[in-house]
Amino acid sequence: MDGSPPELPEDEPSEVVDPRAVDLVLRVGELLLASGETTERVNEAMLGLAVAYELPRCEVQVTLTSILVSAHPGKGAPPMTGARAIRRRTPAYWRLTKLHALVQEASIGMLELDEAHKQLAQMKRERGPYPAWLIVASLGLIAASASVLSGGGPLVAGTAFVATLLGDRTAAALARRGIAEFFQLTVAAAIGAAGAAIVVAAGNPQHASTIVTGAILALLPGRPLVASIQDGITGDLVSAAARGLEVFFMIAAIVAGLGAVVYVAVNLNVPIDVSHLPTAPATLKPVPLMAAAAVSVTFAVSLAAPRDVLLASALGGALIWTLYVMLRGWNVPPVLASAVAAIIVGVLANWLARRHGAPVMPYVVPAIGPLLPGTALYRGMVELNTGSPQSGVLSLITALSVALALGAGVNLGGELVRAFQRVGLTAGGRWARPAARRTRGF
């Protein structure tokens, strides 16, 4: 009645975006990706933290080299967006385990935001479970164990150990000079092959193949191979393509180093041929079993896996070797035998990881170490440089097929476990997984 105009209704306040929560999501995703986790797991962890700390309408984008988080408050308010570049990726599986524990604790509401930041800062300052010298020595121990697995003795194992350490230290020196990783791997592979060529020239051709097999096995990209196939299966095609190219260039560098040394050796009349290359034993014996377990354990140490994973790694390496030899004894082709053995080990590794609430990569990657195709790569390069190009190409294709079978097998084992259990770090349902959404049909 007084004639005063009615007040316009105020807009409801938009949801509050806490910048500390955005920062935590970015930092956790960065550490997970840099420590060797697959893209799907990183995506799950970041979305789980976003839900736990009430970031409204949060979108997460993860690639191999960068991550992005965007939260939309609504009501016309501008979104809050943050991004980080992954400039260095160093496998640290002990950190993966602690990060997964942080995410799980936060997802059930048992971790305040400030405490989460404190734990994350402590993880970044904390040292790994092994001293630096043991990480370096583990590469040589991988080569020594693989040489014994291929039929070598103590002298061969010692030679492979020294050659691998020399190649690794030379590659580290090149890295300090700013040389690209491709050429670091090429030089490391060439040094291992040069040691084998020297052994052949000294009159011990049957020992050369076991030396170079061990040296190659220490360089083969088992970790990025498993991660690339996992990313492809789960629908992260950009990251899968990037990881696949990474694997391709790593294998190409190893092949280039091998090929150069074998070519020079053949032209210097060093009697290198394929008649002395090792083959998988037809029967199981204690020494190969122990060597397979040692390969997996030393792989786990080189990846800085937690100490409580070492026993599982040893059992996984012995098991996958046992399954492979049994299948080969039944005349199963090498590629199929590798795939079946990897599927069984993948099922057990995924089940064990889920039971302990831990990431699966520390259990899976070391277990496939004994079957990585070092001998096939060496055979292919020898055949290419000794007048059998067709056989050489077939050997290289066989090596690549075995590697892909191992990666696909362990991931299929994970899918079988996932079909009967809940999904993800945050206990989401089966339908919450992007890879499970059908893109064609009904």
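Colleague: How close do the axes of helix H5 and helix H11 come, and at what angle do they cross?

Modeller: First, a caution: this is a predicted model. Now the general idea. Two packed helices are described by the angle between their axes and the distance between the axes. Here, the axes of H5 (residues 132-149) and H11 (residues 286-302) come within 8 Å and cross at roughly 160°. That makes H5 roughly antiparallel to H11, because angles over 145 degrees count as roughly antiparallel. The crossing of H5 past H11 is left-handed.

Colleague: Which residues in H5 meet which residues in H11?

Modeller: Start with the H5 side. Leu-134, Ile-135, Ser-138, Leu-139, Leu-141, Ile-142, Ser-145, Ala-146, Val-148 and Leu-149 take part. From H11 come Val-287, Pro-288, Ala-291, Ala-292, Ala-294, Val-295, Thr-298, Phe-299, Val-301 and Ser-302. By class, the residues of this H5 contact with H11 are 16 nonpolar, four polar and no charged.

Colleague: Why should I look at the spacing along a helix?

Modeller: An α-helix has 3.6 residues a turn, so residues three or four places apart point the same way. On H5, the contact residues include Ile-135, Ser-138 and Ile-142. On H11, they include Ala-291, Val-295 and Thr-298.

Colleague: How far does H11 reach from its first C-alpha to its last, and what is expected?

Modeller: H11 has 17 residues and reaches 24 Å, close to the 24 Å expected at 1.5 Å a residue. Its buried residues include Pro-288, Ala-291, Ala-292, Phe-299 and Ser-302. After H11 comes Ala-304, with a positive phi near 55°.

Colleague: What span should helix H9 have, and how far apart are its end C-alpha atoms?

Modeller: H9 covers residues 222-233. At 1.5 Å a residue, its 12 residues should span 16 Å. The end C-alpha atoms are 17 Å apart, which agrees.

Colleague: Is H9 mostly covered or mostly open?

Modeller: H9 is mostly covered, with 10 of its 12 residues buried. They run through Gly-222, Arg-223, Pro-224, Leu-225, Val-226, Ala-227, Ser-228, Ile-229, Gln-230 and Asp-231. Their packing partners are helix H2 (39-52), helix H3 (93-107), H10, helix H14 (361-367) and helix H16 (389-418). Just after H9, Gly-235 has a positive phi of about 95°.

Colleague: Let us move to single residues. Is Ser-239 buried or exposed?

Modeller: Ser-239 sits in helix H10 (residues 237-267). Its relative accessible area is 2%, so Ser-239 is buried. Outside its four-place sequence neighbourhood, Ser-239 touches Thr-39, Val-62, Thr-63, Leu-64 and Asp-231. One of these, Asp-231, is among the buried residues of H9.

Colleague: What does Glu-246 contact, leaving aside its neighbours within four places in sequence?

Modeller: Glu-246 is in contact with Arg-89 and Pro-224. Glu-246 is also found in H10. At 18% relative accessibility, Glu-246 counts as buried, because the cut-off is under 20%.

Colleague: How does Lys-124 count, buried or partly exposed?

Modeller: Lys-124, at 45% relative accessibility, counts as partly exposed. Lys-124 belongs to helix H4 (residues 113-125). Beyond four places in sequence, Lys-124 is in contact with Arg-27, Leu-31 and Arg-95. Leu-31 is 93 residues away along the chain, yet its C-alpha atom and that of Lys-124 are separated by 8.5 Å.

Colleague: Back to axes. How do helix H13 and H16 cross?

Modeller: The axes of H13 (residues 334-355) and H16 come within 6 Å and cross at roughly 35°. H13 passes H16 in a right-handed crossing. The residues of this H13 contact with H16 divide into 13 nonpolar, eight polar and two charged.

Colleague: Last topic: backbone angles. What is the phi of Arg-57, and what is that of Asn-331?

Modeller: Arg-57 has a positive phi of about 45° although it is not a glycine. Arg-57 is in the loop between H2 and strand S1 (58-62), and at 46% relative accessibility it counts as partly exposed. Asn-331 has a positive phi near 65°, and is likewise a residue other than glycine. Asn-331 lies in the loop between helix H12 (310-329) and H13. At 69% relative accessibility, Asn-331 counts as exposed.

Note on methods. Residues numbered from 1 in each chain as written. Predicted model: local features only at pLDDT ≥ 70, side-chain atom pairs only at ≥ 80, totals over all residues. Heavy atoms only, no water. Axes fitted to C-alpha atoms, helices over the stretch in contact; angles between N-to-C directions. Helix = DSSP H or I, 4+ residues; strand = E, 2+ residues; numbered from the N terminus. Parallel < 35°, antiparallel > 145°, perpendicular 65-115°, else oblique. Left-handed = near helix turned anticlockwise from the far one by under 90°. Contact = heavy atoms within 4.5 Å. Nonpolar A, V, L, I, M, F, W, Y, C, P; charged D, E, K, R; others polar. Buried < 20%, exposed > 50% of the residue type's maximum accessible area, 1.4 Å probe, protein only. Expected span 1.5 Å × (residues − 1).
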